[in-house]
Amino acid sequence: MIGSMRISAGMKAKTHARIVEVARNLFQDKGFDVTTTRDIAAAAKIATGTLFNYFSSKEALGMAIVAESLRAGHDDYEARRRGLESLDEDLFLLIACCLRCIEPCRNYVAPVIEAAMSPFAQSRLCPEADEFRAQHMERVADCLSRHDFAMDSSFVAMHLYWTLYLGVLGFWSRDESPQQEDTLALLDQSMRLFVASLSDNHARLEVSRDA
Amino acid sequence: MTLNVNQLVAELPDEAQLDDSPQRALQDLIAKLSHKPVPVGAFSRLWALGTLQAKVGAAYLVHWIRSSYADADEKQRQLNETHLKAAVKVLGSMSYLRGAIMKIGQALAAYPNLLPDQFVDMLSALHFEAPPMHYSLLREFVRKELGSDPEEVFESFDTKAFAAASLGQVHRARLKSGEVVAVKIQYPNIARTIQSDFRNMMALLSPMRLQREWDSLRDQWHDICQMLEWETDYEREASFLKRARAAFREEDDIVIPKVYDEYSTKRVLTMEYLDGVHLEDYLKTNPSQEERDRFGTLIMRSSFRIAHTAKIWYSDGHPGNYIFMKDGRMGVIDFGCCRVFSDDEWAYYKEVGVTFLQGKEAYRETMIHTHGFDPDNPRDAENIKFIEEMGDWYCGYLLHEGPFDFSDPAFLRRGIELMGEIPKRGFYRALPVDTWISRHLIGLRSIAFRLQARVDMKRLSEEEQLVVD
């Protein structure tokens, strides 16, 4: 019994990996919008219904692929961080590492973000997106706390960060400038602006506390 | 017409409106932030406009443009005011020009009698500035340009820039083969941003119908755009460096840095690092007169050689372009804003030198012929007299026996005055090379003045074949 459970878990992991692999190739080759769950199931040699045992929708599957790469960006960030960065540089580095790691997904990252991570997306439809957002914001909170800012000091600031983050991802996905240099400039300026807004809130809090 | 600083500040149109601009709001925000525990120093420095110098600089431009339509009817004047205000706002939002505007303001505060034309000429001579890049941004940019992170491309890479460059910054690094290099890196996207802003600026100003002045403004703006295009093309700069470097031998004691092509692109330029100091720091070492004269001679020789042998013309002899090296050699860097003489320009340049040495009459005849002056026309006669004065200032030292003493402030001042006259008289359009030559010579002689150097220019020019028969 234990042996068969082990095989079953192993089989499940293999099927999961196979679905992700074929979906990645199909998204890359055919495009996200054109690819159907039926195409993915056929390529993975499973029934379409079986696919939904693993992913609730095509968007969730796309998000799982993108999130996996973005999480690799988190690890990359930890490896590259020197500990000498200013706050705006630290945040720049975090996002730049994410961009490096999702480079292979660039062709289909925009529709995935639009469907799963947009501020208008319904969270219940794509738990993978919610999970990634929580993980990413945890990194941001760590980063802020290292620079003496509390994560819960302003939900407005956090929402602003998330908006800028998605904006940069979206811009990058369609950036046709040489070597995507516009994205670098946008990311740099965005993080400077975000840090400025944080500081402003910080100052207001200090003033109201003093009062 | 001359103005003092207070008049200039008063010329700034509708200041209340400007102060309500988003830039002002941002400036206030940044001012608040300066007390907060956030590293926004560079950001603050980049955006904080509002000093007297900057206002004076902006006001001068406004005055100059406004004075151009003083005779227009009321309706046209109102229309122009609207366009002008919009244009000034655009100008105010150009953070990469703020340093330039402030420098103009500073210069005007010191010399309030400068004329509008001189102001515009100063503007075109100033360099653009980019926001400072932190290492993480720089690393991404280098990776995209050179294919790998700086720490992988180079044996070592200093994360802190050792010098600012026009629209970028310079880092010291060591190649895996051991050579110490200077890596010049451009801020991403800045060149296209500026070009786009300038197009907007011209679109805003174009309905103003400034007639003759409009042509001048458009030409000046075109010159700035052209310079920007040159300065942001590091491949172009690399080609000038190589061309100039080939003109020098080891025994000249003048070094043009070697370019490392495999580590260079259009926006990353890797060159040999020259170990030394700039003029200000060199002067702090209290060098002897003999040393000053020697370095002065090297600077002048480098200028002759680059022009006469490499046939390249520097836009300006900025002190930052010369390195007083620890081993006694003179390094010449920054070939971002150079141009090659055309055959016609080179012929003109040679002819000026040759005829000057032949005597006043020959020089005068050449100038009359080149510029198409009519000696019987009173205005042309005045211009001929002016050109003769220019010739004396440009070439006079070729007739001077023995060391020429550059420490005379009257000599430098006269050159600055004459240069200011060039755009005023309007004939520099026919021969743009004159503007370049003037700008370079003023810069070069300013350095020699600060060095208090004495240089045997006659002998040097003969050695460098200034006059090629």
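View 1. Of the 211 residues of chain A, 38% count as buried, a residue being buried if 20 or more other C-beta atoms, placed from the backbone, lie within 10 Å of its own. This is a predicted model, in which local features need pLDDT of at least 70 and side-chain atom pairs count only at pLDDT 80 or more, whereas totals for chains, interfaces and linings use all residues. Residues are numbered from 1 along each chain as its sequence is written, and chains are lettered from A, with ligands numbered from 1, in the order in which they are written. Chain A has nine helices and zero strands, while chain B has 21 helices and 13 strands; helices (H or I, at least four residues) and strands (E, at least two) are DSSP runs numbered from the N terminus. In chain B, buried residues make up 38% of the 469 residues.

**View 2. The two domains of chain A.** Chain A is divided into domain 1 (1–54) and domain 2 (57–210), with bounds that come from an automatic or database domain assignment. Nine residues of domain 1 of chain A are in contact with nine residues of domain 2 of chain A, where contact requires C-beta atoms, placed from the backbone, within 7 Å. Helix α1 (residues 2–30) of chain A gives the most to the domain 1 side, with five residues.

**View 3. The largest nonpolar core.** This core has 127 residues, and those with the most contacts inside it are A:Met63, A:Val66, A:Ile95, A:Val112 and B:Ile299; a nonpolar core is a set of buried Ala, Val, Leu, Ile, Met, Phe, Trp, Tyr and Cys residues joined through C-beta atoms within 7 Å. Helix α5 (residues 87–101) of chain A gives the most to this core, with 11 residues. Leaving aside residues up to four places away in sequence, B:Ile299 touches B:Tyr322, B:Met330, B:Leu444, B:Ile447 and B:Ala448. A second, separate core of eight residues includes B:Val352, B:Phe356, B:Met367 and B:Met390.

**View 4. Helix α5 of chain A beside helix α9 of chain B.** The axes of α5(A) and helix α9 (residues 135–146) of chain B come within 8 Å and cross at roughly 30 degrees, the axes being lines fitted to C-alpha atoms over the stretch in contact, with angles from 0 to 180 degrees between N-to-C directions. The two helices, α5(A) and α9(B), are therefore roughly parallel to each other, a term for angles under 35 degrees. In α5(A), A:Glu89, A:Phe92, A:Leu93 and A:Ala96 meet B:Ser136, B:Leu137 and B:Glu140 of α9(B).

Methods:
Buried ≥ 20, exposed ≤ 12 C-beta atoms within 10 Å, placed from the backbone. Contact = placed C-beta atoms within 7 Å. Parallel < 35°, antiparallel > 145°, perpendicular 65-115°, else oblique.
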